[in-house]
Amino acid sequence: MKKVIDFLGLLVLFFILTGINSYKAYKDFPEPVPTSQGQKIFQEMGCPMCHGHQGLGNGFLAQGLEPKPRNFTSFQEMKGVPYQSMYTAIKDGIPFTGMPAFNLNDQQIDETISYVRSFLTENYITLNTCSNVSQVVSLENVGAGEQFEIEIDKKELISTQLKAGEITLTPNFDAVRSAYKEKKAKLVRVHVNLTQNTKEKKKYLAIIAVRINSCIK
Ligand code: HEC
């Protein structure tokens with residue numbers, strides 16, 4: 001009996017030690033936030049004058065502005081704009097640009113941001129993870145039955161695996177380590193996008209913004 005217990009103990013220890021890279025965390029996309037309230041605010045507050053009704057940055061005042069309002073439907077232009085930055089922009093305006101401050105409460109700003117984000121995608125999630133932890137994201141709420149392609153902005157940093165309505169994201173430990181070294185930082189950001197190419201344009205079914213923290217002291 002003792003042998004069996006010893007053996008089980010060793011087995012547990014083995015799993016703890018090799019837990020590096022085999023630990024998984026499970027996440028769901030949140031249900032898309034209804035954007036109707038945000039849309040109402042966007043329109044009533046006159047945002048389209050500069051940002052355009054489709055968020056393209058082509059409102060009738062945009063021509064005279066420098067910098068021009070960015071294109072809210074472009075991944076390239078939106079990927080570097082986190083929630084907090086949008087929040088501050090709407091609440092306080094952006095100095096030395098045409099972006100004015102708006103007198104909105106937190107909930108109104110939140111709803112407006114959801115609407116602004118929805119120009120690019122309705123399904124947006126931010127994952128905080130560690131360089132040795134895989135994340136499994138259920139695609140149930142994004143319509144995983146649909147055909148899509150996976151696009152990654154820093155391919156070398158993360159591997160993906162699709163299975164049964166789930167996507168598993170595994171940081172490439174060594175590549176992530178070198179990225180930390182290069183950036184002299186303990187955090188790298190990667191975007192994993194589920195895209196659909198229709199004839200007219202690329203559609204973003206979902207965007208997973210992954211923040212890979214070192215987590216190792
Ligand atoms: C008079 C023109 C104007 C109006 C009206 C306006 N904006 Fe802007 N907005 C700008 C400009 C210019 C920028 C700076 C360039 C950029 O980042 O797109 C900006 C930036 C932003 C950004 C990006 C923030 C960031 O971190 O870069 C968001 C989000 C935004 N506006 C939302 C709104 C919303 C919501 C409204 C209405 C409630 C609104 N804007 C009204 C001109 C305007």
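This note sets out points on the fold, the sheets and the ligand surroundings of a predicted model.

1. Overall composition and extent. The secondary structure of the chain consists of seven helices and eight strands. The chain is more spread out than a compact globule, because its radius of gyration is 21 Å, well over the 17 Å that the globule rule gives for 217 residues. Along the principal axes, the C-alpha atoms fill a box of roughly 80 × 40 × 35 Å.

2. Burial and contacts. Of the 217 residues in the chain, 23% are buried. Among contacts with a separation of 6 or more, 62% are between residues 24 or more positions apart.

3. Ligand shell. The ligand has 25 residues around it, and those that come nearest are Cys 47, Cys 50, Arg 70, Ser 85 and Met 99. By class, the shell comprises 18 nonpolar, six polar and one charged residues. Helix 3 (48-51), helix 5 (83-92) and helix 6 (106-118) each contribute at least two residues to the shell. The largest share, four residues, is that of helix 5.

4. Sheet with the order 2-8-7-4. This is an open sheet of four strands with mixed pairing. Its edge strands are strand 2 (124-130) and strand 4 (149-152), each of which pairs on one side only. On average, neighbouring strands of this sheet are turned by 25 degrees against each other, direction ignored. Within the sheet, strand 7 (residues 187-197) pairs with strand 8 (residues 202-213) in the antiparallel sense over 11 bridges.

5. Sheet with the order 1-3-6-5. This sheet is likewise described as open, with four strands and mixed pairing. Strand 1 (23-28) and strand 5 (158-163) stand at the edges with a single partner strand each, so one side of each has no neighbour in the sheet. From one strand to the next, the twist averages 20 degrees.

6. Strand 6 and its partners. Strand 6 (residues 166-171) runs antiparallel to strand 3 (residues 133-138), and four bridges join them. Here Val 137 stands opposite Ile 167, and Ser 138 has Glu 166 as its bridge partner. Strand 6 is also joined to strand 5 by six bridges, again in an antiparallel arrangement. In that pairing, Ile 158 stands opposite Pro 171. The hairpin of strand 5 and strand 6 has two residues between the strands, and Ala 164 in this hairpin takes a positive phi near 45 degrees.

7. Faces of strand 6. The covered face of strand 6 carries Ile 167, Leu 169 and Pro 171, whereas Glu 166, Thr 168 and Thr 170 belong to the uncovered face. Ile 167, on the covered face, is the residue that Val 137 stands opposite. Glu 166, on the uncovered face, is the bridge partner of Ser 138.

8. Tyr 180. This residue lies in helix 7 (residues 173-183). Tyr 180 counts as partly exposed because it has 17 C-beta neighbours inside 10 Å, whereas a buried residue needs 20 or more. Apart from neighbours within four places in sequence, Tyr 180 is in contact with Ala 185, Lys 186, Val 188 and Ser 214. Gln 107 is 73 residues from Tyr 180 along the chain, and the C-alpha atoms of the two are separated by 36 Å.

Key. Residues are numbered from 1 along each chain as its sequence is written. This is a predicted model: local features need pLDDT of at least 70, side-chain atom pairs count only at pLDDT 80 or more; totals for chains, interfaces and linings use all residues. The radius of gyration is taken over C-alpha atoms; the globule rule is 2.2 Å times the number of residues to the power 0.38. A residue is buried if 20 or more other C-beta atoms lie within 10 Å of its own, exposed if 12 or fewer, and partly exposed in between; C-beta atoms are placed from the backbone. Two residues are in contact if their C-beta atoms, placed from the backbone, lie within 7 Å. A residue is near a molecule or strand if its C-beta atom, placed from the backbone, lies within 6 Å of it. Ala, Val, Leu, Ile, Met, Phe, Trp, Tyr, Cys and Pro count as nonpolar, Asp, Glu, Lys and Arg as charged, and the others, Gly among them, as polar. Two strands pair if DSSP finds at least two bridges between them. Axes are lines fitted to C-alpha atoms, for helices over the stretch in contact, and angles run from 0 to 180 degrees between N-to-C directions.
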